[in-house]
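Work through the exercises below with the structure open beside you. Try each task before reading its solution.

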Amino acid sequence: MISLRNIIVTFGKGTPLETLALRSIDLDIDRGEFVTVIGSNGAGKSTLLNILSGEALADSGTLLIDNEDLTRRLTHARAGLVARVFQDPLAGTCEQLTIEENLALACGRGRNRGLTKALNTNLRNRFKQQLERLGLGLENRLSDQMGLLSGGQRQAVSLLMATLQPAKILLLDEHTAALDPKTAAFVLELSREIIQEQSLTTLMVTHSMRQALDVGTRTIMMHQGRIVFDVSGQQREGLDVPDLLALFEKRQGESLTDDSLLLST
Amino acid sequence: MNQIAFLGAIESGLVFGLVAFGVFLSFRILQFPDLTVDGSFPLGAAVSATLIVNGNDPWLATLVAAIAGAGAGLITAWLNVRLKILHLLASILTMIALYSINLRIMGRPNVALLGEETLLTPFESGSLPYYITTPLVFSVIVLIILVLLVKFLYSEIGLAMRATGANPRMARAHGINTGRMILLGMAISNALVAIAGALFAQSQGSADVTMGVGVIVIGLASVIGGEAVMSTRTMLLAIIACLVGAILYRLAIATALNLDMLGLKSQDLNLVTAVLVTAAIVFPGMKRSLSGVFTRGDS
């Protein structure tokens, strides 16, 4: 179980640009839950994700994963517990390395790396199997450089890389936002399949309300550094985008249009 | 060019091949422009020459020189990783400090190794002349180091180091301690350069505090030259290219200095090198050489 208690994050502390990115966030995510996060620009979605990944550290509060305190642990030291797919397809992979080297790198997540060869026949066979499921023909291009692949292909490989080794939580950071609609649908479907197969606990930040309701088991909406609502189970079923907007207005006493949410991200 | 000059160029090409390996690790693998090299090359020479003059085994002296070089690389990396000093500046600080340290180690500006027992002494008693045995011995040493280095770059840690330079954010997300990788990579890089300095001192017969001037540029010229003449698609090819580049560079310099019609003298060496490196960086025809560090922004 992932548990955030009273997490506060301030950017530019002590400067005129000081902003509260997260104002006292409390959130519990059960094992196997698939949480989608929506919110407008500056709502704190990315900061929340960075708190979980270790790229940002909280000013106060605690972050526990299965009762292990990770609040102050750096990204690389918690990578064995937290897997991540970046928004930018170029950020999640190394273009100078080959496809198989990228995958081998991902195999080392959460393990100690030594002086043994990074690649061997066993691993290559495993990678081929994994790549075959993508249906992109990449299983025959193991020694091609990553930079030769398209954005969509790279994002699909990033997703494989993030899920090669077990993790307590998988973070998806608007990972379909930079792709064309068709590729985005493909990557999203692939994510769903893998998440279901491995029953991964997942937190997905998305810019689309539609997507937030279509996938996952729980949806939270953030606004100005706070969680404004949190729906799951029966309450979430049958909800539509206008219902979300209405829910937001009721909780927040402000009106928000679908457009302002969509356009501002 | 006569045979002695030719073999002499091969010999120093082999030595600067080691420098090129080091420069490749820092500039290319870690994307860390490291000028420590100008200090760690004479450091290797100073440490080994001083130990040899004091009656120590030349192999031990060379090993200690490598460790000293690793220490110099660690200091530069530490200034950058822990104290957050800009990489280029961190390396210049170490380089400047090493000038004083090298003088301290030797106790004077230069140490002569004439008549001392060096790595090469055991091979001089044979029937072959020195100008053949020296490049032979050096090529064995350089080939062993080349194999070890390539094996390292294909290992799990080597792969992690390559990811650290190529995409540090992604590397961290996959559990790689990027700070530690920079420390390790810079230590290996400068250890290689210090070994080169130690070998150079032993073949030239002296260590001098000024012998490091421009070594970084020669190393870079070798790396870029190698990339211009051959494919560097795999790590093995890239490392071989460093060696090829270094040897070609020394041959080119030897040829230029031997052509009387050009009117070049040995004091023009650094000028020629600087012009060659500039041309290699600027000429778009010579591949996208040195993309990244010096031409960042348009690649």
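This is a predicted model: local features need pLDDT of at least 70, side-chain atom pairs count only at pLDDT 80 or more; totals for chains, interfaces and linings use all residues.

Residues are numbered from 1 along each chain as its sequence is written, while chains are lettered from A and ligands numbered from 1 in the order in which they are written.

**Exercise 1.** In what order do the four strands of the open sheet in chain A stand?

Solution. Start with the terms. Strands (E, at least two residues) and helices (H or I, at least four) are DSSP runs, numbered from the N terminus. Two strands pair if DSSP finds at least two bridges between them. The order is β2-β1-β4-β5, with antiparallel pairing. β2 (19–29) and β5 (68–69) of chain A are at the edges with a single partner strand each, so one side of each lacks a neighbour in the sheet. Next, look at one pair. Strand β1 (residues 2–11) of chain A joins β2(A) through seven bridges. A:Ile7 has A:Ile25 as its bridge partner in β2(A).

**Exercise 2.** Find how α3(A) and α4(A) pack.

Solution. The angle is about 100° and the axes are 11 Å apart. Axes are lines fitted to C-alpha atoms, for helices over the stretch in contact; angles run from 0 to 180 degrees between N-to-C directions. α3(A) is therefore roughly perpendicular (65 to 115 degrees) to α4(A). Residues in contact have C-beta atoms, placed from the backbone, within 7 Å. α3(A) contributes A:Glu100, A:Leu103, A:Ala104 and A:Cys107; α4(A) contributes A:Leu123, A:Arg124 and A:Phe127.

**Exercise 3.** How many residues does each chain give to the contact of chains A and B?

Solution. Chain A gives 25 residues and chain B gives 19 residues. On the chain A side, α3(A) gives the most, with four residues.

Definitions and conventions: Two residues are in contact if their C-beta atoms, placed from the backbone, lie within 7 Å. Angles under 35 degrees count as roughly parallel, over 145 as roughly antiparallel, 65 to 115 as roughly perpendicular and the rest as oblique.
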